Amino acid sequence: MSGGVAADASALLLEAIDVVRTYRLGRDVEVPALRGVSFQVDHGDYVAIVGSSGSGKSTLLNLLGVLDRPTSGQVRYDGRDVRELPDAELARLRNQRIGFVFQSFHLLPRLTAVDNVILPLVYRPGTKRERRERAEAALAAVGLADRMAHRPGELSGGQQQRVAIARALVTEPALVLADEPTGNLDTTTGEDIMALLESIQAEQDTALVVITHEPEIAHRAARTIVLRDGVIADGSSP
Amino acid sequence: MSAREAFRVAMQALIANRLRSALTTLGVLIGVMSVVLLVAIGQGARSEITGAIEGLGSNLLFVLPGDGDFGGGPRRSSFVLDDVERIDRELLGGGTRVAGYTIGSEVLQAEGERLTATVLAVTAGYPAVLSRELARGQGLTESDVVTARRVAVLGATTAETLFPGQDPIGRTMAIGGVRYRVVGVLARVGGGGSPFGPDQDRNVLVPITSGQRLFGTDRLDAIFVRATATQTVEADRAVVRRVLAQRLDAEEFSVISQDEIIGVVGDILQILTLVLAAIAGISLLVGGVGVSNIMLVSVSERTREIGLRKALGARTRDITRQFLLEAIVLTGIGGAIGLALGIAGAQLVAALAPVPAEVTGWSIALALGVSVAVGLVFGVLPARRAGQLDPVAALRRD
């Protein structure tokens with residue numbers, strides 16, 4: 001693990017600058033979820049974002065995943081301010097730079113493992129054959145070469161999460177965002193999944209940001225950011 | 001996402017919900033089927049009727065009571081036999097070119113057989129002017145007309161019904177209780193009867209004079225004039241007008257060409273066809289609403305899928321296109337099957353029922369075009385809703 005502490009600007013992947021995200025409930029009620037959060041993630045970094053329920057973790061994940069835009073402040077990817085990018089550009093950014101791993105896997109039940117992994121590839125140019133080859137390679141890399149044609153319902157929780165990881169990696173993203181990746185798994189399987197994510201992070205120089213409420217998961221990361229009540233309580237600077 | 005890929009994804013989703021897709025398709029299917037079938041029937045009626053009018057020969061002029069306004073209802077005729085003779089004297093060349101008739105319906109009886117048929121009391125020239133050919137025996141003569149002889153020429157169906165398996169020539173029969181002798185049988189016109197016109201083989205011709213006595217009238221219901229050529233139709237029309245105007249007021253008669261009648265009848269039946277198409281179109285519309293409804297259900301069921309696809313890089317446009325394509329595939333399949341069933345139904349109707357049916361190119365194009373358009377129009381709302389889902393909210397939903 002590199003730890004990703006690099007001083008030069010070229011290593012910088014994403015940057016949150018005084019990020020505020022406020023939700024409006026009804027007409028006059030505003031609920032602040034994030035109240036000025038700043039930190040950086042470099043290429044190949046391994047960061048854990050920790051916090052209890054309601055600390056703003058999920059909001060931060062959505063912002064880092066460019067599924068959402070900040071109310072104020074900036075989230076910058078490769079130096080570009082997310083707030084200034086149109087929706088189609090954000091979609092392209094998600095497709096090309098970010099891989100998502102969700103707590104509940106989010107696999108499409110009617111598709112086979114390999115078709116689930118192909119999913120992000122259909123939103124970029126390429127032939128059917130190329131997509132299939134890449135998806136099969138990604139599944140093989142997570143140890144599921146013999147489960148290609150299985151549907152999610154025919155796979156264990158750990159295997160499903162591996163399919164989801166293969167889906168996140170098949171696009172060769174710069175950043176893997178894992179939201180409670182072990183939350184629905186038993187301890188042993190959770191260990192395996194974390195080990196898999198870490199090996200990928202190390203081997204492919206992919207930045208890995210894990211959001212978790214479990215301290216033992218957080219401790220594995222090179223760096224930990226602790227969120228409390230929408231602000232960083234600890235670890236904002238690398 | 002490429003169009004091919006989008007189509008594949010749409011098909012996957014539709015196949016995953018086979019039963020629902022099939023039922024949704026059904027609405028459009030029935031709509032398209034009814035459009036094709038009803039238009040075929042309307043079109044069939046139109047060509048049968050115009051065909052029957054054309055079958056009377058060409059270059060005909062119809063002299064009818066009234067001023068020619070079809071909306072005015074039937075008029076009492078002012079024509080008498082002398083009008084036919086006066087027109088005949090004025091027209092030059094071409095042999096027998098003028099005929100007239102009075103029409104009625106009477107019970108025919110012969111040797112225990114009974115039949116209600118159309119009785120045409122005609123001048124001797126009627127078969128020649130209206131292209132009716134004799135199959136057996138002889139036709140009506142001038143002398144039959146002058147002496148009001150009780151002789152009859154039977155239509156083919158009439159002959160078969162009244163005299164099954166026998167030669168009717170020389171036999172006697174009763175028309176409205178009056179004895180007549182059969183002198184001839186007309187050649188079969190064919191086409192049978194349809195709800196759109198009388199059976200031209202189920203009639204009997206008698207001399208105009210004896211027929212008028214039968215019906216208790218001295219009038220003619222119509223006069224027919226055959227022009228020798230298309231170019232002389234107008235000249236003949238002028239002659240007929242001039243002759244009749246000597247005795248009648250302008251609003252008591254009208255002289256209409258065969259083409260004008262075909263045009264008017266054709267227009268009326270075209271409107272009928274369009275009305276049928278419009279009624280069937282309503283069921284297509286209802287089918288479209290069904291598609292819209294199911295697509296909305298589908299979008300709300302697949303909220304998480306939409307959120308996931310967006311997280312994986314789908315643009316609003318990709319999602320919208322995917323759902324729109326699903327709707328179009330649904331209605332397109334419904335349209336294609338409905339079209340096939342409509343054509344099969346039209347053939348079945350034409351084969352089994354006395355209603356003619358004719359599938360036309362435009363109704364096929366219309367049905368398919370409309371069904372795809374229905375998918376587009378009724379798919380837009382659900383598809384836009386899908387495309388605009390907030391990925392964060394969509395992913396959170398369970």
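I began with the lining of the largest cavity: its residues divide into 5 nonpolar, 4 polar and 3 charged. I counted Ala, Val, Leu, Ile, Met, Phe, Trp, Tyr, Cys and Pro as nonpolar, Asp, Glu, Lys and Arg as charged, and the others, Gly among them, as polar.

This is a predicted model, where local features need pLDDT of at least 70, side-chain atom pairs count only at pLDDT 80 or more, and totals for chains, interfaces and linings use all residues. Residues are numbered from 1 along each chain as its sequence is written, chains are lettered from A in the order in which they are written, and side-chain values use heavy atoms, with hydrogens and water left out.

I then looked up which residues line that cavity; among them are B:Asn17, B:Arg20, B:Met295 and B:Glu326. Lining residues have an atom within 4 Å of a cavity point, on a 1 Å grid over the protein atoms alone where a 1.4 Å probe fits but cannot get out.

Next, the contact between the chains. Chain A gives 22 residues and chain B gives 23, with contact meaning heavy atoms within 4.5 Å. On the chain A side I found 11 nonpolar, 4 polar and 7 charged residues.

I checked salt bridges (a side-chain nitrogen of Lys or Arg within 4 Å of a carboxyl oxygen of Asp or Glu). There are 2 between chain A and chain B. B:Glu305 pairs with A:Arg110 in a salt bridge, with the closest N and O atoms 3.1 Å apart.

How values were computed
On a 1 Å grid over the protein atoms alone, a cavity is a set of points where a 1.4 Å probe fits but cannot get out, and a pocket is an open set with protein on both sides within 12 Å along at least five of seven lines; lining residues have an atom within 4 Å of a point.
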